[in-house]
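Subject: A structure to look through

Dear colleague,

Please find below the structure I promised to pass on to you. Have a look at it first, and then read my notes, which go through what was found.

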Amino acid sequence: MPSDIEILEEVTRLVNEGVCVTLPIKGQSMLPFIIGGSESVVLQKPIDPKVGDIVLAWVNGCRYVVHRIIRIEGDSVTLMGDGNVAGTEHCTLADIKARATHAVAANGQKRDLYNRRRTVAARLWYRLRPVRRYLLAIYRRL
């Protein structure tokens, strides 16, 4: 059975060839925008990554994550999961392997990750970092 890294390297190869790949998401690091364990993301080739994009990236030279870009300075990129209350990951622009365009629910319903409402919500959510821990606790209980 292939490892997660081998699978994600194949995903990267397919995306580079122009194929859209739907990848199931594990974990809770992208709550409340992507629900790990029950949703997938549609990945496409990253063209001109920018702050706010949700990307598949090879971070810290050791693992893949699907997180949001929070800062780009030259070639350096800082990422943070929406469901994280602290901690960031770092990579280079070359380490960004794909851009998530849609989230897909288990029932097949597809939603755009970058419509106006979601973009505004993501910006607000980022600013709420000081109280994110409490908001996530409430969200998880609902």
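**The largest pocket**

Helix H1 (4-16), strand E1 and strand E4 (63-73) each supply at least two residues to the lining of the largest pocket. Please keep in mind from the start that this is a predicted model. Of those contributors, E4 gives the most to the lining, with 5 residues. The pocket has a volume of about 490 Å³, and of the 21 residues that line the pocket, Leu8, Leu23, Pro24, Lys26 and Tyr64 lie nearest its centre.

**Strand E2 and its partners**

Which strands pair with E2, and in which sense? Strand E1 (residues 21-24) pairs with E2 in the antiparallel sense over 4 bridges, and within this pairing Leu23 has Val41 of E2 as its bridge partner. Leu23 is also one of the residues that lie nearest the centre of the largest pocket. Strand E7 (residues 96-105) likewise runs antiparallel to E2, and 6 bridges join these two strands; here Leu43 stands opposite Ala100 in E7. As for how covered E2 is, 5 of the 6 residues of this strand (residues 39-44) are buried, so E2 is largely enclosed by the rest of the structure.

**Salt bridges**

Side chains of opposite charge can pair when their charged atoms come close.

The side chains of Asp4 and Lys26 meet in a salt bridge at 3.2 Å. Because Asp4 lies in helix H1 and Lys26 in the loop between E1 and E2, this pair ties together parts that are 22 residues apart in sequence. Asp4 is partly exposed, at 46% relative accessibility, whereas Lys26 has a relative accessible area of 65% and counts as exposed.

A salt bridge of 2.6 Å joins the side chains of Glu39 and Arg111. Glu39 belongs to strand E2 and Arg111 to strand E8 (residues 110-112), so this pair ties together parts that are 72 residues apart in sequence. Is Glu39 buried or exposed? Its relative accessibility is 7%, which is under the 20% limit for a buried residue, and therefore Glu39 counts as buried.

The side chains of Glu89 and Arg63 also meet in a salt bridge, at 3.5 Å. This pair links distant parts of the chain, with Glu89 in strand E6 (residues 89-92) and Arg63 in strand E4, 26 residues apart. Glu89 is buried at 6% relative accessibility, while Arg63, at 38%, is partly exposed. Finally, Glu10, Arg13 and Glu17 are linked in a network of salt bridges.

Val131, Tyr134, Leu135, Ile138 and Leu142 make a nonpolar surface patch of about 540 Å². Tyr134, one of these residues, is found in helix H3 (residues 132-141), and with a relative accessibility of 53% Tyr134 counts as exposed. Ala137 lies in helix H3 as well, and is partly exposed, with a relative accessible area of 27%. To give you a sense of distance, Ala137 and Ile72 are 65 residues apart in sequence and 30 Å apart in space, taken from C-alpha to C-alpha.

**Backbone details in the loops**

Where in the structure is Pro32? Pro32 has its place in the loop between E1 and E2, and the peptide bond that leads from Leu31 to Pro32 is cis, with omega near 0°.

Asp48, in the loop between E2 and strand E3 (54-59), has a phi near 55°, which is a positive value in a residue other than glycine. Asp48 is exposed, with a relative accessible area of 63%. Asn60, which lies in the loop between E3 and E4, has a positive phi of about 50° although it is not a glycine. The relative accessible area of Asn60 is 45%, and Asn60 is therefore partly exposed.

With best wishes

Technical notes. Residues numbered from 1 in each chain as written. Predicted model: local features only at pLDDT ≥ 70, side-chain atom pairs only at ≥ 80, totals over all residues. Heavy atoms only, no water. Buried < 20%, exposed > 50% of the residue type's maximum accessible area, 1.4 Å probe, protein only. Pairing = 2+ DSSP bridges. Patch = residues over 30% accessible without salt bridge, like charges linked within 9 Å, V, L, I, M, F, W, Y side chains within 5 Å. Areas by Shrake-Rupley, 256 points an atom, 1.4 Å probe, with all protein chains shown as cover. Salt bridge = Lys/Arg side-chain N within 4 Å of Asp/Glu carboxyl O. 1 Å grid on protein atoms, 1.4 Å probe; cavity = no way out; pocket = protein on both sides within 12 Å on 5 of 7 lines; lining within 4 Å. Points joined across faces, edges and corners; volume = space filled by probe spheres on them.
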